[in-house]
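Here are my notes on the model, as numbered points. Please read them alongside the coordinates.

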Amino acid sequence: MTALRTVTRAPHPVPEILARCQELVRPALAEAVGRLHPWVAEMAGYSFGWCEVDGTPARTPGGKGLRQALAVLGAEAAGADGHRGVPAAVAVELVHAFTLLHDDIMDGDATRRRRPAVWKAYGTGPAVLTGDALFALAVDTLATAPQGPDTVRLLSTALADLVHGQADDLLFVTRPPTGPQRVTPQEYLTMAEKKTGALLGCAVALGAALGVAPAGTVTALDRAGRHLGIAFQLVDDVLGIWGDPAVTGKPVGGDLREGKKTFPVVAASDSPAAPRLFALLGRPERAGEAARLIEEAGGRAAALAEARTQTAAARALLADTPLPTHAARDLSRLVDFLVDREL
Ligand SMILES: CC(C)=CCC/C(C)=C/CC/C(C)=C/COP(=O)(O)OP(=O)(O)O
């Protein structure tokens, strides 16, 4: 990915922030997963990358760990110790893992983070059950944490949004690529806010709520997280078309193959190249050609510009909210990192 690097900035310590939060959260996450049925716990452990299965080695654990970091930083943004955000971090990581398990089945994606998806490794039924178990565990984790009912409500709002966003994402595939019924950029942004933004917003808001932040701060952080989530999804779309599969761990052109209405595709809908482009969607052997046409039609540039607009909105919300300096600084660094990432 080169286009994301047009802004040069000094290296920032986001890997350290992520590692610090992961260290804080990992024991509680492992303890929670250890309470599951042993077979389900094994599949959950595989999904988190904690164990080897059939000779497929364990990978770097737990993906990027952004959601757990947001929850810990949310607690710190409330002026509390990061430990206070741990139940929130565990809950959002569990929900995230659950949604990925089910999403891979819905999308027919056989690979996740450079290894076979759980449904490929264990079968569809066991993968669905593991997702269900992680979901139940997430709710239990929050319900038994301090400030229970309020935090469960924050989570349930995000869960409803996730379902709504995923439904739109699936339905958008069936919409015509051009004409009055086509998916508009605004419809895409609403879908992305719900599918991806809701859980990022929920992560930071939950952490803040557990840190006993004022209601206004919780709401502002939730909104900032949602903008951040939209930006994250936009970058995900770009990486899904032009990213290096060896780095992202996702098959090249997966979204194009599935005929997904990603933002670059939606933004290219009005270009003169659109009819040629749409004839190529859903044809794996023509994915490279489709990517070139989308780029020529400005779809990639439009997605990156929109990602910057969304991160600016997130940063403005952070700047307008009274937060301890170190927490505001770490949250802003995370925002920059999410847009400049390569995986
Ligand atoms: C009850 C409840 C909350 C149900 C969850 C519904 C569900 C499966 C939501 C999936 C959300 C999601 C972020 C998918 C990945 O998006 P993507 O396909 O763009 O990402 P990918 O490229 O990594 O696969």
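1. His83 sits in the loop that joins H3 and H4. With a relative accessibility of 52%, His83 counts as exposed (exposed is over 50% relative accessible area, buried under 20%, partly exposed in between, with a 1.4 Å probe and protein chains only). Its C-alpha atom is 9.5 Å from that of Gly207, 124 residues away along the chain.

2. On provenance: this is a predicted model, in which local features need pLDDT of at least 70 and side-chain atom pairs count only at pLDDT 80 or more, while totals for chains, interfaces and linings use all residues. Residues are numbered from 1 along each chain as its sequence is written, and side-chain values use heavy atoms, with hydrogens and water left out.

3. Helix H3 covers residues 66-77 (helices are DSSP runs of H or I, at least four residues, numbered from the N terminus). Its twelve residues reach 16 Å from first to last C-alpha, close to the 16 Å expected at 1.5 Å a residue (1.5 Å times one less than the number of residues). Twelve of the twelve are buried, so H3 is largely enclosed by the rest of the structure. Arg67 and Glu76 are among these buried residues. They pack against helices H1 (14-34), H4 (86-107), H8 (185-210), H9 (215-242) and H16 (325-340). Just after H3, Gly79 has a positive phi of about 85°.

4. The largest nonpolar core has 75 residues; Leu36, Leu70, Leu94, Leu134, Leu221, Leu331 and Leu334 touch the most other members (a core is a set of buried Ala, Val, Leu, Ile, Met, Phe, Trp, Tyr and Cys residues joined through side-chain atoms within 4.5 Å). Apart from it lies another core, of 34 residues, including Trp242 and Phe263.

5. Asp255, in helix H11 (residues 254-257), deserves a look. Asp255 is buried but has no salt bridge, the nearest side chain of opposite charge being Lys260, 4.4 Å away (a salt bridge needs a side-chain nitrogen of Lys or Arg within 4 Å of a carboxyl oxygen of Asp or Glu; Lys and Arg count as positive, Asp and Glu as negative, and His and the chain ends are not counted).

6. There are four aromatic pairs (ring centres of Phe, Tyr or Trp, the last by its six-membered ring, within 6.5 Å; planes under 30 degrees apart are stacked, over 60 edge-to-face, the rest tilted). One of them, Tyr46 with Tyr122, is edge-to-face at 5.6 Å centre to centre, with 80° between the planes.

Key:
Helix = DSSP H or I, 4+ residues; strand = E, 2+ residues; numbered from the N terminus. Contact = heavy atoms within 4.5 Å.
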